[in-house]
Amino acid sequence: MVRVAVVGGGISGLVAGYRLRIAFGPDLELVLVDPRERIGGTLFTGELAGGPMDLGAEAFVGRRPEIPALLDELGLADQLVHPAGKRPLVWAGGSAHPMPGRTLMGIPADAETVGDLVDTATLARIADEPNRPLRWEPGTDVSVGELVGDRFGEQVVRRSVDPLLGGVYAGPASAIGVRAALPTLAAALDAGAGSLSEAVTRALPPPSTAPVFGGIRDGYRVLLDGLADAAAPKLETGTAATGLVRTAAGWRLDPLGDFDAVVLATPAPVTAALLTTVAPEVARAAASIDLSSSAVVALALPADTALPDNSGILVATGESLRAKAFTLSSRKWPHLAEREVALVRASFGRFGDDTPLTWTDEALIAAAAEDLTTVTGIPIRPVAATVQRWRAGLPQYAPGHLDRVAAIESGVAELPGLAIAGAYLHGVGVPACAATGTAAADRIRAHLGR
């Protein structure tokens, strides 16, 4: 019998626990610790208008294998769904525009791509960009906003790049590093691309008819509950891990006692706090990773509400709207279109500005309805609504992020019986988090000889 603690009940920790249970079977005493009263971390399926609705992440990158594989392993493959394939709009300059296609996270390869979104001066700047010398040192890292602003102009940053990056990180392009967020672009620049236009062209993925995203019909709670049931841990929810020290036989995790091994599937600041004594350099690197806060307002509207036939509406930086994006859920997801109401999600909060999180639920709901009225041009009258706040939820992959992660992982490699997982390591998406959970379990299995 071995005793392992997993600190953190989000998708990373649940996958780690599940993989450890598969490896050790009944020989494992698994303890799952989380300060919340529920499992799931920043994934949460609520109820709205009589049915489930995800109030955290609602989709995952469909071209990665981790989530479909987990659903299949757990006997939940019939829960896998895909979007209808509709495109989003961008609200910029006080009006709606089609989201440019064939960009790299909003970065165009040529002026024609963003012809409807930016002014003529910006189009001329993009067209001339290949003629201007590009100064790029291989291995360097800058923010996406700095690079794109310098080469293509601030309108491209605010109207095309910010809305897309904001949907992933809840932060602006100025806070996100090229190397961590856009590795294929960094690779093209390192390989000698003579311009940003050329680098984007090289980095764009080949055209594909495969679905870009996937989802879960009855919400992420189906996957979370399936993982928890299969892992069969002793749940210590509502319990915060307050200390971690090495012992002769393994680790002591306060307030829960001694363990042969520990997985820290926790946000970067929590990981830093737990490792301050045993690995101060790792702790300093983890503590330098900032987190953003956000809020999701889910609205149920009358079924005949004439919403645009688009997947959503992204809001450019600097607009007068308070919401940063809308997901037109009943347009985006065919299974939600079957409901007796029209469902919409509004997102609030950006890194560096979490003012909306200080508003009351009523104020957030009113702002969501008013902003949606502005961008659609139709009266929005919710029949039901719910609010979910995410304080310090998403890590910011600032310039130099890969170096920080390398320092964290190399330091942890010197600590036998300890593994880490989470969104701050190798991607904020659900598949990337699941992959870190599997990697953490593999490290513990190797340490314990299984």
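**Entry 1: setting up**

I start with a definition: helices (H or I, at least four residues) and strands (E, at least two) are DSSP runs, numbered from the N terminus. The model I am looking at is predicted, so I noted that local features need pLDDT of at least 70 and side-chain atom pairs count only at pLDDT 80 or more, while totals for chains, interfaces and linings use all residues. Residues are numbered from 1 along each chain as its sequence is written, and side-chain values use heavy atoms, with hydrogens and water left out.

I looked up Arg102 and found it in the loop between strand E8 (95-98) and H3. Arg102 is not a glycine, yet its phi is positive, about 50°.

I found Ala232 in the loop between helix H9 (221-231) and E10. Its relative accessible area is 45%, so Ala232 is partly exposed.

**Entry 2: aromatic pairs**

I searched the whole structure and got two aromatic pairs. My cut-offs: rings of Phe, Tyr and Trp (its six-membered ring) pair if their centres lie within 6.5 Å; planes under 30 degrees apart count as stacked, over 60 as edge-to-face and the rest as tilted.

Why is the pair of Tyr169 and Tyr397 tilted? The ring planes are at 50°, with the centres 5.5 Å apart, so tilted is the word. I traced Tyr169 to helix H5 (residues 154-169) and Tyr397 to the loop between strand E19 (384-395) and helix H15 (401-412). They are 228 residues apart, and the pair links distant parts of the chain. Tyr169 is buried at 7% relative accessible area, and Tyr397 is buried at 3%.

Next I checked Phe348 and Trp359, whose ring centres are 6.4 Å apart with planes at 65°, so this pair is edge-to-face. Phe348 belongs to strand E18 (residues 341-348), and Trp359 to the loop between E18 and helix H14 (361-376), so the pair ties together parts eleven residues apart in sequence. Phe348 is buried, with a relative accessible area of 0%, whereas Trp359 is partly exposed at 26%.

**Entry 3: charges over rings**

I also looked for charges over rings (NZ of Lys or CZ of Arg within 6 Å of the ring centre and within 35 degrees of the ring normal). The charged end of Arg3 sits over the ring of Phe259, 4.1 Å from the centre. Lys332 lies over the face of Phe213, 5.8 Å from the ring centre.

**Entry 4: Gly427**

I found Gly427 in the loop between helix H16 (423-426) and H17. At 14% relative accessibility, Gly427 counts as buried. What does Gly427 touch, not counting residues up to four places away in sequence? I noted Tyr397, Ala432 and Cys433 (contact means heavy atoms within 4.5 Å). The C-alpha atoms of Gly427 and Val168 are separated by 9.7 Å, though the two are 259 residues apart along the chain.

**Entry 5: helix H4**

How many of the nine residues of H4 (residues 144-152) are buried? I wrote down seven, so the helix is mostly covered. Among them are Val144, Leu147 and Phe152. The buried residues of H4 pack against helix H3 (120-128), H5, helix H6 (178-181), helix H7 (183-190) and helix H8 (196-203). Just after H4, Gly153 takes a positive phi of about 105°.

**Entry 6: Thr239 and Pro255**

I located Thr239 in the loop between strand E10 (234-237) and strand E11 (243-246). Thr239 is buried, with a relative accessible area of 16%. Leaving aside neighbours within four places in sequence, its contacts are Val33, Asp34, Pro35 and Pro255.

A cis peptide bond joins Asp254 and Pro255, with omega about 5°.

Conventions:
Buried < 20%, exposed > 50% of the residue type's maximum accessible area, 1.4 Å probe, protein only.
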